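Student: I would like to go through some of the terms used for a protein structure. Could we take them one at a time?

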Amino acid sequence: MSSPNPGPVAPRSYDRYEVWAPQAGAVTVRVDGVDRAMQRGEGGWFTLAGVTAVPGARYSFRLDEDPTWLPDPRSLRQIDGVHGESAVVDPRPLHEATAWAGRDLRGQVLYELHVGTFTAGSDGRGGTFDSAIERLDDLVDLGVDAVELMPIATFPGDRGWGYEGVGLYAAHETYGGPAGLARFVAAAHRRGLAVVLDVVHNHLGPAGNYLGRFGPYFTDRHETPWGEAVNLDQPGSRPVRDFLLGSARQWLVDVGLDGLRLDAVHELHDDSEQHFLAELAEAVSSWEVETGRPLTLIAESDRNDPATVTPTAAGGLGMDLQWADDVHHGVHAWITGERAGYYADFGSAEALSTVLTRIFWHAGTYSSFRGSVWGAPVDPGSEHYDGHSFVTFLQDHDQVGNRAAGDRIHHGLSPAQHAAACALILGGPGTPMLFQGEEWATSAPFAFFTDHDEELGELVTAGRVAEFAAMGWAEAVPDPQARSTFTASILPWAERSEDDHARMLRWYRTLIALRREHPALADGDLRAARAEILAEGSVLLRRGDLAVLAHRGPGPLPHAPRAREVLAAFGPVRHGPDGTVQMADAAAAILRLDGG
């Protein structure tokens with residue numbers, strides 16, 4: 001099917017009431033308790049003439065004679081939750097002018113955070129945009145360049161990961177709504193931090209999802225893990241595509257964010273002549289010109305296909321970066337010894353060295369987890385992308401939170417093993433990303449938590465138990481619906497000054513500082529990255545005249561490389577008079593090699 005592209009989506013008018021409802025014969029809007037009939041226009045759009053939408057006004061829609069009053073699909077604020085009336089907001093006056101000129105995020109250090117658990121908030125029951133602002137200076141001290149917010153689109157209840165959002169234009173009220181987000185963005189920009197927002201275009205949550213009542217937002221032509229796919233290529237898809245483009249424009253242009261992380265783009269099923277992602281990439285390029293600052297698109301994709309980060313002019317999808325799960329799997333399985341599930345094909349030093357230098361392990365090779373040949377190889381000499389086009393990480397919300405208890409990788413490692421693993425990420429050729437609290441090896445888990453109504457909540461709880469029982473998990477699974485599961489995931493910032501936590505924090509700061517000080521450690525040229533397997537438990541990642549030496553133990557490093565200088569070390573490391581670097585057990589070091 002074809003979905004013609006009429007050009008970048010037009011700026012939104014925030015001062016009028018309008019809604020796309022092509023399936024309705026009549027639409028009524030209730031504004032501050034007064035009902036008014038809307039006028040039907042071209043393409044199924046209904047408007048209200050003679051009434052200005054004033055910020056703060058409450059409104060909702062009724063379709064034909066249906067007694068249910070529905071929130072606006074493009075609502076910016078849902079004060080009373082996903083089922084309540086919408087509130088008029090114009091985000092542009094909230095956008096505080098700063099000296100921020102933007103930043104190219106390729107090769108920078110990203111930091112993923114969840115607003116509700118990043119801090120305890122003023123009452124100890126959960127964080128907000130304002131309480132997160134109080135910790136931005138700590139991120140500056142750490143050395144990160146950008147924060148990536150997990151989804152904030154309005155979702156059911158007060159707490160949740162955000163991937164069951166239903167208001168793709170709205171900022172979750174519990175976090176502080178659109179005004180709180182505006183304050184957070186301005187505060188980050190004043191500190192030199194870019195802000196990326198995780199957005200979910202591939203599905204909506206089950207509670208409060210009224211889009212299907214308004215129009216053909218979904219299609220049974222394609223299926224996703226959540227049911228019918230978002231309609232990107234069937235009849236009526238043009239306004240649906242514009243709906244998503246309009247949301248992206250609002251966040252990047254009107255709110256002033258610096259980038260979007262696009263969830264699971266492999267579930268954006270689109271057989272159009274131009275894929276939606278390519279259309280979005282071209283629209284964002286035009287908005288860069290309009291705003292005068294760089295804007296970044298980051299895709300999560302499990303396809304292992306470099307076409308995702310290939311420019312549209314070269315036949316690709318035009319994303320600036322994509323998450324590289326194979327790098328995570330390779331490092332995680334090697335350092336922990338885990339082999340279950342999708343770790344089955346990983347864990348060897350060979351797999352580790354491959355993902356560190358060529359990003360994908362499954363690159364047109366057989367994946368036992370998927371039961372098929374998977375992926376395509378990364379070309380280290382490509383003119384279209386490089387190592388910086390791939391986001392690499394030791395932890396992220398999925399790889400922690402999708403574990404039964406939400407335990408983090410360092411909960412099962414020694415500090416030295418943790419130090420070795422993160423050094424490979426922060427010293428590698430990708431664009432590294434940290435997940436909140438990993439920098440001090442936080443004791444807090446990051447569990448899966450929800451706040452659904454009783455009926456749906458019981459199904460979620462039962463489903464979670466059944467999922468891990470099928471995997472042979474014998475221990476209790478935290479109840480997603482219990483508030484205690486959420487509060488246990490809130491970061492305990494006070495522990496950062498304690499013993500091993502403080503030591504790990506110093507190590508992360510050191511690695512990031514070295515990355516800034518030495519261009520070789522931040523080089524995205526994959527041709528200049530070479531990994532030497534010293535033993536099954538030891539690898540030397542060469543980065544120009546520098547190298548990352550990672551040894552997982554147990555016992556001493558079996559083959560000691562030579563180095564002119566040890567720039568930094570964690571664990572039992574000895575630089576001998578003959579230049580050899582010896583490790584008595586698990587350890588990590590950043591080396592300047594002989595001849596450098």
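Tutor: What follows is a set of questions on a predicted model.

Student: What makes the span of helix H14 close to the expected one?
Tutor: H14 covers residues 499–517, which is 19 residues. At 1.5 Å a residue, 27 Å is expected, and H14 reaches 27 Å from its first C-alpha to its last.

Student: Which residues of H14 are buried, and what covers them?
Tutor: Among the buried ones are His-501, Trp-507, Tyr-508 and Arg-515. Their cover includes helix H3 (136–142), helix H11 (415–426) and strand S23 (563–570).

Student: Where is Arg-552?
Tutor: Arg-552 is in the loop between strand S22 (546–551) and S23.

Student: Why is Arg-552 said to have no salt bridge?
Tutor: The nearest side chain of opposite charge, Glu-536, is 5.0 Å away.

Student: Why are S3 and S7 called edge strands?
Tutor: The open sheet has the order S3-S2-S6-S7, with antiparallel pairing. Strand S3 (34–37) and strand S7 (86–87) each pair on one side only.

Student: How do you know that S6 and S7 pair?
Tutor: Pairing needs at least two bridges. Strand S6 (residues 58–63) and S7 have two, in the antiparallel sense, so they pair. Tyr-59 stands opposite Ser-86 in S7.

Conventions:
Residues are numbered from 1 along each chain as its sequence is written. This is a predicted model: local features need pLDDT of at least 70, side-chain atom pairs count only at pLDDT 80 or more; totals for chains, interfaces and linings use all residues. Side-chain values use heavy atoms; hydrogens and water are left out. Helices (H or I, at least four residues) and strands (E, at least two) are DSSP runs, numbered from the N terminus. The expected span of a helix is 1.5 Å times one less than its number of residues. Buried means under 20% relative accessible area, exposed over 50%, partly exposed in between (1.4 Å probe, protein chains only). Contact means heavy atoms within 4.5 Å. Lys and Arg count as positive and Asp and Glu as negative; His and the chain ends are not counted. A salt bridge is a side-chain nitrogen of Lys or Arg within 4 Å of a carboxyl oxygen of Asp or Glu.
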